[in-house]
Amino acid sequence: MVFSSLVFLFIFFPLTLFFYFVVKNDKLKNIVLVIASLIFYSWGEPVWVCLLIFSSVLDYTVSLGIEKYRGQKITKLFIALSVVINLGLLMAFKYSGFFISTINSVFNIALRVPAFSLPIGISFYTFQTMSYSLDVYKGEVKAQKSFIDFLMFVSLFPQLIAGPIVRYSDIDTQIAHRTITVEKFADGMTRFMAGLGKKVLIANYAGSLASSLLENVESAAVLSVWVGVLLYAFQIYFDFSGYSDMAIGLGHMFGFDYPENFIYPYISTSITDFWRRWHITLSTFFRDYVYIPLGGNRVKLPRQIFNLFIVWTLTGLWHGASWNFVIWGLYYFVFLCLEKFVLKNILDKTPKVIRWIYSMFVVLIGWMIFYFEDFSAMKTAFSVAFGASGNALSDPVMSAMIVNNIPFIIIAAIACVPVAKLVKSGIDKLQKRSPVARPIFNTVFNVVMLVLCVASLAGSTYNPFLYFRF
Amino acid sequence: MKNIQKIFSVISFSVIIAIFAVVGFYSFFDKDEKSSEMENRNLAQRPSFSLSAYFSGDFTSDFEEYYNDQFPARNMLVKISNKIEAFYSFLTLGDGETIIKNNGGVGDGEALSHEEETSATQVPDSTENDSTTQGSTETTQPQNAVTVPDDAQETVYKSNYVVLLGNRLMEQYTNVYSKMDVYAETLNRLRAEMPDAKVYSLMAPTSIEFYAPKKYNTGKSHSQYMGINYIYGELNGIITVDAYSQLATHTNEYLYFRSDHHWTARGAYYAYLAFAQQAGFTPVDINSLETGKLSPFLGTLYRATQSSVVEKDPDYVEYFIPSTQTEAIASDTDPTLASHYKVKVVNTEITSSNKYLAFLGGDHGVTKITTDAPNERSIVVIKESYANAFVPWLCNNYKTVYVIDPRQMDVKLASFVKSNNIDEVLFLNYMFIPTNSKYMTALGNMG
């Protein structure tokens with residue numbers, strides 16, 4: 001199930017809220033959440049729900065073992081078991097086809113390529129359960145005694161299928177007991193509606209424009225490719241950050257505080273800055289569980305560069321089992337190294353505007369790599385975009401289409417910059433004078449969003465979540 | 001004070017939850033509709049639950065579809081969502097209602113079901129005279145009979161490269177020279193396999209060439225005139241047919257549909273006049289034939305865009321009955337036509353809403369038309385649906401007309417020509433074909 005569907009909004013969500021608040025006891029509340037989450041997951045993935053439960057049982061057991069035999073050698077075996085099995089699942093379900101077809105093409109042989117459908121959210125929940133065991137192993141958190149509570153942490157539907165990647169340590173104090181205030185709930189609802197708007201009103205529309213511009217790259221005009229990639233940049237940001245907003249908002253309504261995942265990435269003034277603002281829970285995950293254990297930057301320069309190389313290869317690969325994602329990861333590795341070791345002083349002296357233009361250019365090219373899983377299409381797109389193919393600069397249909405959609409492009413661009421922050425601080429000022437200013441604003445905002453989003457959902461069957469693939 | 005704030009906060013989310021819950025509750029008890037008039041389709045009905053359906057995932061996807069289709073006040077919500085898109089894109093309100101993805105014009109070809117096309121066509125007597133030819137090699141682009149202002153206000157539909165100008169929908173055209181090379185090479189290769197046949201190529205321009213502002217149809221990228229001459233220049237031993245000039249000088253007539261990507265029978269007639277010059281026969285006079293109109297007709301481009309301007313002003317299909325007696329059979333599996341079904345060259349009693357299927361009943365693998373034209377000439381036309389409006393004209397002058405749509409069936413052209421003793425071969429395609437990979441693959445497989 002996805003949040004931006006009528007079934008979720010009008011059936012699943014009100015029913016879950018009803019049962020959650022009708023039961024008074026914390027244990028029962030957790031059971032309600034587990035049942036709701038398993039229904040939510042099995043709605044889209046009725047068979048692989050057992051994989052989710054298996055992964056939970058594994059790390060629940062492993063962590064209890066580690067806790068019991070703390071200080072003894074056998075704990076190493078336990079943690080190895082968790083890492084090997086979790087990564088093994090990920091390998092088998094997500095990467096086996098990719099590796100075998102790569103081997104086939106390198107050695108020119110014909111091994112059978114397994115045709116698993118990728119279980120929804122596997123990249124997210126295997127990371128969550130594995131990092132939990134690692135945290136227990138390192139002694140950073142205590143092992144969870146109740147299986148139901150642990151299963152709730154893993155399966156919690158707001159963040160189950162598309163992040164943010166919530167670590168056990170982020171919410172361990174909230175698992176057994178949560179306090180929900182009226183303000184927190186109201187904030188959560190507004191956050192949810194804002195995320196829904198991002199997804200339904202901006203990302204979907206940008207996506208349909210982008211795919212029509214990038215569909216036939218070989219005959220596309222130069223500007224079509226660039227505008228297409230720009231619209232794709234809008235799509236992927238509003239899709240993914242909208243989903244995170246909805247997750248964080250839902251979390252609030254059920255009493256959880258999830259970490260932020262995006263902080264206006266398109267106002268970044270360097271690539272380093274971009275990765276501090278884009279999919280934050282993923283980059284901190286790789287930082288804490290790969291980069292730092294490898295020695296981080298407390299090692300000699302060549303080793304440090306090697307560590308970064310590993311991290312960014314994995315980051316790329318995490319996004320999908322295809323070479324273009326690996327290239328995309330390494331592309332960022334190059335720019336991050338350049339900024340870290342070469343350009344640092346130069347960048348510091350450069351005016352902000354120039355740095356912003358540089359960063360956005362790099363990011364756009366990055367999306368061009370990210371978009372085309374098919375290499376020959378990617379090659380064509382690049383040769384068209386940089387004028388090597390001799391295609392026309394612009395194309396009348398494309399120009400008319402862009403002119404037609406100027407209002408949309410302006411709205412999307414404005415939504416990328418911290419306008420919401422400005423509005424918020426304005427309302428905070430009003431709030432000091434009248435205590436109902438914020439609630440009234442929220443009410444109006446929520447109702448308007450609801451009408452617009454439900455209308456758009458009803459009016460369109462075009463509703464795929466991009467991040468389902470990961 | 002704190003209390004008031006609390007009450008208003010509660011309101012801010014309860015309103016939303018109340019709407020979700022009440023509408024959600026109501027949605028289970030309202031009456032389900034069978035079909036939607038607005039969309040011209042049947043709506044999904046409630047699926048029955050079973051564990052096996054649930055675990056296969058069928059139940060959940062069917063249920064989602066059902067719930068979306070039967071959502072309360074769906075029609076009103078769709079209208080609001082159209083307004084949102086209109087706001088985003090300057091579209092005139094009420095236009096561009098539901099944007100459906102265009103399958104690229106020709107798609108896979110379409111045909112009437114075989115029951116719809118029993119028994120062959122009818123009537124009048126024949127007038128036939130063979131006459132002289134003159135080759136035409138044009139150097140300057142012929143004058144377009146209509147003038148289109150360059151500051152015309154057009155709308156472009158986002159997902160399908162369809163331009164709306166006034167009440168006319170047109171598909172955007174771009175020359176892709178590498179694909180046009182492949183097209184010409186394929187024809188040359190097929191031609192080389194048939195040394196005894198007389199081979200023609202006719203490339204048909206589309207409406208955007210004549211009815212849109214210059215930026216859509218001039219220059220290396222967009223001029224179909226340049227594209228056609230480019231292809232003709234690459235051909236070896238193939239007689240080229242200058243349909244373009246004939247069409248251009250008659251564009252003040254009804255040559256192209258406004259809601260469909262095809263030309264009309266009248267448009268095809270002018271191409272036929274150009275063909276007659278090259279093939280050396282006297283064309284029939286259009287005014288001498290029994291004629292009629294099939295209306296209303298809303299075609300592929302309307303289906304792709306749902307433009308309300310065009311919907312209010314639909315096309316009609318004008319037909320002309322050949323002057324000869326015709327009998328036609330077709331097959332999608334057997335190139336020898338040993339097993340076949342009957343089709344009509346012009347079906348005047350068509351019930352399908354796609355009235356263009358009146359011509360030949362749409363696209364079939366192989367069609368054979370036998371006429372009582374007083375000669376022994378035979379021709380095979382290799383084509384997609386553009387030729388469907390054209391072939392009836394040939395029936396005035398050829399004893400036997402074969403039609404092959406390579407997308408529908410694998411046919412080896414050279415042996416087909418040989419075994420059926422065919423004298424002439426015409427490749428007739430519209431200008432979008434070189435970039436249509438399905439057609440091009442099929443055409444390549446004919447050799």
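How many salt bridges does the rule find across the interface of chain A and chain B? The rule, under which a side-chain nitrogen of Lys or Arg lies within 4 Å of a carboxyl oxygen of Asp or Glu, finds one salt bridge across this interface. The side chains involved are those of B:K179 and A:E218, at 2.8 Å from N to O.

The model is predicted, with local features requiring pLDDT of at least 70 and side-chain atom pairs counted only at pLDDT 80 or more, while totals for chains, interfaces and linings use all residues. Residues are numbered from 1 along each chain as its sequence is written, chains are lettered from A and ligands numbered from 1 in the order in which they are written, and side-chain values use heavy atoms, with hydrogens and water left out.

The size of an interface is often given as the accessible area lost when the parts come together. Chain A and chain B bury about 5200 Å² between them, 72% of it on carbon and sulfur atoms; buried area is the accessible area (1.4 Å probe) lost on putting two parts together, summed over both. The contact (heavy atoms within 4.5 Å) takes 61 residues from chain A and 57 residues from chain B.

Five residue pairs, both members at pLDDT 80 or more, are in polar contact between the chains. A polar contact is a pair of N or O atoms within 3.5 Å; within protein, one must be able to donate a hydrogen and the other to accept it, and residues adjacent in sequence count only if both atoms are side-chain atoms. On the side of chain A that touches chain B, two or more residues each come from α1 (6–22), α2 (26–44), α9, α18 (396–404), α19 and α21 of chain A. Helices (H or I, at least four residues) and strands (E, at least two) are DSSP runs, numbered from the N terminus.

Over all chains, the whole structure has 22 salt bridges. One of them joins the side chains of A:K27 and A:D149 at 3.4 Å, N to O. This pair links distant parts of the chain, with A:K27 in helix α2 and A:D149 in helix α6 (residues 147–155) of chain A, 122 residues apart.

Two backbone features concern B:P296 and A:Y264. The peptide bond from B:S295 to B:P296 is cis, with omega near -5 degrees, and B:P296 lies in strand β8 (residues 291–297) of chain B. A:Y264, which is not a glycine, has a positive phi of about 40 degrees and is found in the loop between α10 and α11 (271–277) of chain A.
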